[in-house]
Every structure is written in structure tokens, then in C-alpha cells.
Amino acid sequence: MSANEKKGMISWLFLLPSIVGVLLFFVAPFMVVIYYSMINNPIQKRFVGFANYINVWGNDAFKLAGMNTLKFSFMAVPLAVLLSLFLAAVMESRIPFKSYFRSFFLSPLMVPTASIVLIWQVMFHYNGLVNNFTALFGADKIDWLKSDKAYIVIVALFLWKNLGYNMILFMSALASIPKELLEVAALENASKMQVFWLIKVRYLSSTILFVTIMSLINSFKVFREVYLMTGDYPVTSLYLLQHFMNNTFASLDYQKLSAAAIIMFIVVTALVYVMYAVENFYGKDVEG
Amino acid sequence: MNLLQKMYKRRKRIDNYKTVLVTVAAFIFAFIFLLPIILTITNSFMSSSEISANYGSIFATTEKGGKIFISKTVNLKFIPDMVTFSQYFTVLFKSPQYLIKFWNSIIYTVPIVAVQLGIATLAAYGFSRYDSKVKRVIFFAYIIMMLMPYQVTLVPNFLVSKALGIIDTRWSIWLPGFFSPFAVYLLTKFMRRIPTEVIEAASIDGAGEWYIFSRINMPLCKGGIASIAILVFFDFWNMVEQPLILLTNTDLHPLSVFLSKINSGEISLAFAVAVIYLVPPLLIFLYGEDYLVEGISYQGGIKG
């Protein structure tokens, strides 16, 4: 064994604790999940092929939860990307008190959801603040958290928590665009729009991808807000996949759980793959 | 004054107007961002009768006989009529259940942050040294795992915990947290930016891997480790999904779950409990913000 090979082996020792843990707590049980998703029950262990999947796929609660979650993510994620990019652009311009603004916008990141749900309830209750405010303009009162408008509230809470984090990512990416390029563009009389779309956005494409993916992951965590405000049984429009999983855990239906988890695994992987492919196509001629 | 100068001056004035406008807009926006936090804090200093009076229509408390004026709509106040620490006094000295749950939160979060970072620092060093095809495949698998929401990972976590017989114990929360791939991913990205020459030079001088790791790599990564520790802390301090599924014994629940179960009779305490729960992350945020920002800045670009 050469000296280099020996060092290569040593580097595996560093990986060992993590890999053993990950195999034991994530990979191996995931294999069991795949196995469970294809048998009729953990006692008889009869192979049933895709029957569990078809079962879950046709399950009304799963469909409702899946559609609600997707609907939420498709609304919240693009908004989270666009608004935080806008915020980052504002922060890049010449304004005073920049570091204060940065702290203010980032601060919701640290706030535990549990600490803040009380105030959300005060705001969005039927007799709450938001209704008092909209009443000034003659709008009717709405019980925000119990209506089909509940979505808007949850999207707003999601943006509140995540915009700051995304903004920091965009700010650092904007700062890393080569200055010469922008100077050349200025000399060539490029308009602000041109500079933004043709230079900045292309340089940002890998960051946009990252922000989109992180926002997608975080959008699945919005369950925390929904659960802490509305409990186990929210209005139908807020019944999310995590509610479905909790209920299925409660009934200990392993086959259903396993099949549902794998369907979600496939959907998330597919979504990420598509985003990755789009970014690869759009930003391929940019070093970033 | 010639024309050019005039034009320049005019343009500068417009720029100034614009700056003022943007700044004012940013302040309004920042105010909206901070409003919920400020309100939670100021409300925690109100007496229970004031809270019932203000929010009675929402939480409908039946405070001991309840001879309290309840307004029909909420009555938002920034400044309490009378600042009192009575809520804090009650929470800290008379209602041990909140302190027990607070202690639960600490007992979950602190070991998870420490062990996850320890394991991840080692692993990240392993990934960033002697790149090979196998390592890349494994690293890709880590990324996939990191992307999976709790709705997916909780099922395998539950099965393992059941097999090991640790359901309903703290271990069911600790162990998956220890090995979470999140910190490994971020730290690997951080370590890959260390110039290879630095490490090669030490290696040629005859330094062993452990020496390079502990004496050269670690000091260079201090900032990264600090920022990732902060992010992991925020995330686990805020945990909701795992305890709901892995801990049926509510005595073991962290405050993040318990706080929402506060009954309406104790609603006046809720703001004080919320603030107490907010204090640790707030302190970390105030002291570690620069690390945090630096750490987040390093993350961009998933390919790296």
C-alpha cells in the first residue's frame, strides 16, 4: 500500500461514525420501508406488489393532503424566491442602516414557532387585528384560519420566517458577480433591466436553484405553524401531508405509511431533479 | 452653471429622493417583520386581567368567576397599562410544568447540536480529503437525505426506534438528530473551500491526518462550525414533528409542542412562556449573527 493510499484509507475513518449512523438510522430502515410498502402486513408478510401504493394513491385523505401541500408549496416557494431576491436587490442599493435591516429581516429565523403562534392567533382570529384593519376599508370579517383563505395566512407566515435567510443567500451571490462585467455593461449603455436579466439572473442561477430547493424543504415544515395554531384537525384546506402521516401513525398502518413515504420520496426527488435540470440548462455557460 | 452640471445635480437629487423613499419603505417592511416579536414581548409584561380584557374575545378565558370587561374586538396595545412581572413570577416559581418542558427542550437540543457537529466535522473532513468516486456517490446520497422532509424520514426513524425499543424515550429524538446529514453537507462545502496547498504543505512536512484535521482544518473552520451549530440549534429548538410521533408520553415533550397545548385558563401566562422560550435563540442570534450570516452566505450553489 502506498503512502497515499494509506492516507486515503485514513480519510475513511473520519467518515466512519457518520456513515454507520446514517446506515443504521436512515438507509437500513428505509430499505425496510420499501419492503413494508410491498407486503400485505408485517405479520403475514405476503408480497402484494403495488397494491399498497394504489391504495394510498386512491385514498381521499392522502389526495387531499397531497394536493393541499403541493398547492401551498407552489404558491409559497416562487413568492419566497422572488420577494427575497427583491429584498436583496434593495439591500444592495445605497441605503443607510444596512446592517440593521439585515438583522431585522433575518430575525424571524430564530423565533421558535411556538413562541409566536399566540400573536398570529391574535392577528388572524375572527375578532382579530387583521379583521379590525380590513374593516377600516369596509371589508367583511373573515375567520381567517377557518376559511378557505387560511392559505393566505400560512403563505404569509412562511414568507415571514424564510425571506431573511433567502435574502442573505442572494446578497452574497449578488456580491460575487464580477464587477468588470457590470462595468462593461454600463459602458455599453445596457439598461438596468438588461443588466438584471441578462447578467445578474444568469450569475445567480445556481443560487436561485439553491434558494428554491431550500424553500421547498422549508415549505414542508409549515406544518409546525398549522399544527400549533389549529391542532390535529384543521380546516380541510389546511390538512397537510404531515397531518395525514400523524393520523396514519396513530393507527399503526405500516403498509400505508411506507407506501405514502415512498411516494413522497419519489415526488420530492423528481421535483429537485427537474429544478436541477432547468438550472443546468439556463446557467450552463456561466462559471458559478 | 453649465448645463451638464445642472443635469448632474438634478440627477443626484432624484437619486437622493429615491434613497429616502426606499429607506422609508424598508423601515415599514422591517417594522412589519418585527411587530409579532415586539408584541409578544410587551404583552408578556401585562397583568392577567389586562390580557383577558385585550384578547378575551379570542381566547375566551373564564378567569376565576370572570368579572372582567371583555371587549368585543381585540385591543392591541404596545405598552402595558401597568408593567408587571407577575406572569414571569408565576411561570418561574409556581408552575413547574413549563420549566420541565423548557428543560426537555434543552436536554434534546444541546446534545444534538454538540454530537451532530462533532460527527459532522469528522465526516466533512473525510469527504473533503482524497476525493474518490465512491465518496461522491455517498455524498450525493447525503444530499438526497438532507432534502427529504420529516414526512418521509420519520417513517424509517420510527421503525428503527421501535426495533431498538427506544420509542417514548429521549433516545428516539437524540439518535436520528445526532446523525442528521444537514451539518455534514454544509461543513463539507465549507471545508472544500480551504485551499489544498495549505493542507498539502502540512502533509509534506510529515503531519498526520489527525494533526492536520485538529490543528489546521479545525481552526480554519471555526466560523463555519459556529454558524452551522446556530442553524442546527434553531431547527431543533423549534422541533414539532418528531416528538408528536416518537413520544406519546407528553411529559417528555419539549416546550415547542407543549406551548400550543396551554389551556385557555392560563392564556395570560402564555406570552411570558413564549418569551422565556424565545430567550435562548434570541441571545444566540444577537451574539452570533455575524457568524450566522457568514455561514448562510457560504451555502449558496448546491453543486459546490
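**Exercise 1.** State which pattern chain B follows along the sequence, and how spread out the chain is.

*Solution.* Read along the sequence, chain B runs α-α-α-α-α-α-α-α-α-α-α-α-α. That is 13 helices and zero strands, where helices (H or I, at least four residues) and strands (E, at least two) are DSSP runs numbered from the N terminus. Next, take the radius of gyration, computed over C-alpha atoms: it is 26 Å for chain B, well over the 19 Å that the globule rule gives for 304 residues, so the chain is more spread out than a compact globule. The globule rule is 2.2 Å times the number of residues to the power 0.38.

This is a predicted model: local features need pLDDT of at least 70, side-chain atom pairs count only at pLDDT 80 or more, and totals for chains, interfaces and linings use all residues. Residues are numbered from 1 along each chain as its sequence is written, and chains are lettered from A and ligands numbered from 1 in the order in which they are written.

**Exercise 2.** Describe the side of chain B that touches chain A.

*Solution.* Count first: 78 residues of chain B are in contact (C-beta atoms, placed from the backbone, within 7 Å) with 79 residues of chain A. Helix α13 (residues 267-299) of chain B gives the largest share of this side, 13 residues.

**Exercise 3.** Locate B:Tyr130 and give its phi.

*Solution.* B:Tyr130 lies in the loop between α4 (96-128) and α5 (133-147) of chain B. Its phi is near 50 degrees, a positive value in a residue other than glycine.

How values were computed:
Contact = placed C-beta atoms within 7 Å.
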